[in-house]
Amino acid sequence: TDYHFDVVAELFQRASKENGVEAEAMMDAAVVVAKVRADVTTGCVVRMELAKKKNAQDGMDQLFQRLGGLDGVMAMIDRLYECAERDKRINMFFEGAKLQTIKRQQTDYIIATLGGPADYRGRTLEEIHAVLQMNDYHLDCFMQNMARALRDVGAEQDAVDEATVVLEQLRKQILFHHYKNSSH
């Protein structure tokens, strides 16, 4: 996505500066990098648009079945928590005495969101994430782990894309307080 491309470009610029690359060479590199933006981001955009269309056509219940039904999604969530607990970028959000309660509630929410039979009755995403110091980077890391977990349990890439599109629609709710506090 453009967001990810911008992050990589910013990191490239910082690394170049820290390594003493001359300003003129950095400008030349920035011009080259800018020229490939569309080539890099278009593939992701096209895949996500196709996934949105498929979800709209087939319905969420079909996505849930393509993800392996209840057993497949439960296996994905178990794998997701294994990945998140090991991921130093976000594991601080997945520790503590309430972890099993959080996992159970998140499981119900994800199952319902992906078209499954769960009936989530907990707090809103805005309320849950209000006290966390999460930002787009943290949510992107979580989404990367979610996609990895889906692939690890055997989901096809199309189904991974479709699930990503569905869960990505929750970004504004999950990061509501972050955006509110940072004037996004």
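This is a predicted model: local features need pLDDT of at least 70, side-chain atom pairs count only at pLDDT 80 or more; totals for chains, interfaces and linings use all residues.

## Surface and overall build

Along the principal axes, the C-alpha atoms fill a box of roughly 60 × 40 × 30 Å.

## Helices throughout

What is the chain built from, helices or strands? There are ten helices and zero strands, so reading from the N terminus you get α-α-α-α-α-α-α-α-α-α.

Of the 184 residues, 34% are buried. If you take the contacts with a separation of 6 or more, 75% of them involve residues 24 or more positions apart.

The mean pLDDT of the chain is 86, with 94% of the residues at 70 or more. Among the elements, helix 4 (residues 69-86) has the highest mean pLDDT, at 94, while helix 2 (residues 23-58) has the lowest, at 78.

## An aromatic cluster

A search of the whole structure turns up three aromatic pairs. One of them is Tyr 81 with Phe 94, an edge-to-face pair at 5.3 Å centre to centre with 90 degrees between the planes. This pair links distant parts of the chain: Tyr 81 belongs to helix 4, Phe 94 to the loop between helix 4 and helix 5 (99-113), and the two are 13 residues apart.

Phe 94 also pairs with Phe 142, and this time the rings are stacked, with 6.0 Å centre to centre and 0 degrees between the planes. Because Phe 94 lies in the loop between helix 4 and helix 5 and Phe 142 in helix 7 (residues 136-152), the pair ties together parts that are 48 residues apart in sequence. Put together, Tyr 81, Phe 94 and Phe 142 form one aromatic cluster.

## Buried or exposed?

Where do these rings fall on the accessibility scale? The cut-off for buried is under 20% relative accessible area. Tyr 81 has 2% relative accessibility, so Tyr 81 counts as buried. Phe 94 comes in at 10% and therefore counts as buried. Phe 142, at 11%, counts as buried too.

Conventions: Residues are numbered from 1 along each chain as its sequence is written. Side-chain values use heavy atoms; hydrogens and water are left out. pLDDT is the predictor's confidence in each residue, from 0 to 100. Helices (H or I, at least four residues) and strands (E, at least two) are DSSP runs, numbered from the N terminus. Rings of Phe, Tyr and Trp (its six-membered ring) pair if their centres lie within 6.5 Å; planes under 30 degrees apart count as stacked, over 60 as edge-to-face and the rest as tilted. Buried means under 20% relative accessible area, exposed over 50%, partly exposed in between (1.4 Å probe, protein chains only). Contact means heavy atoms within 4.5 Å.
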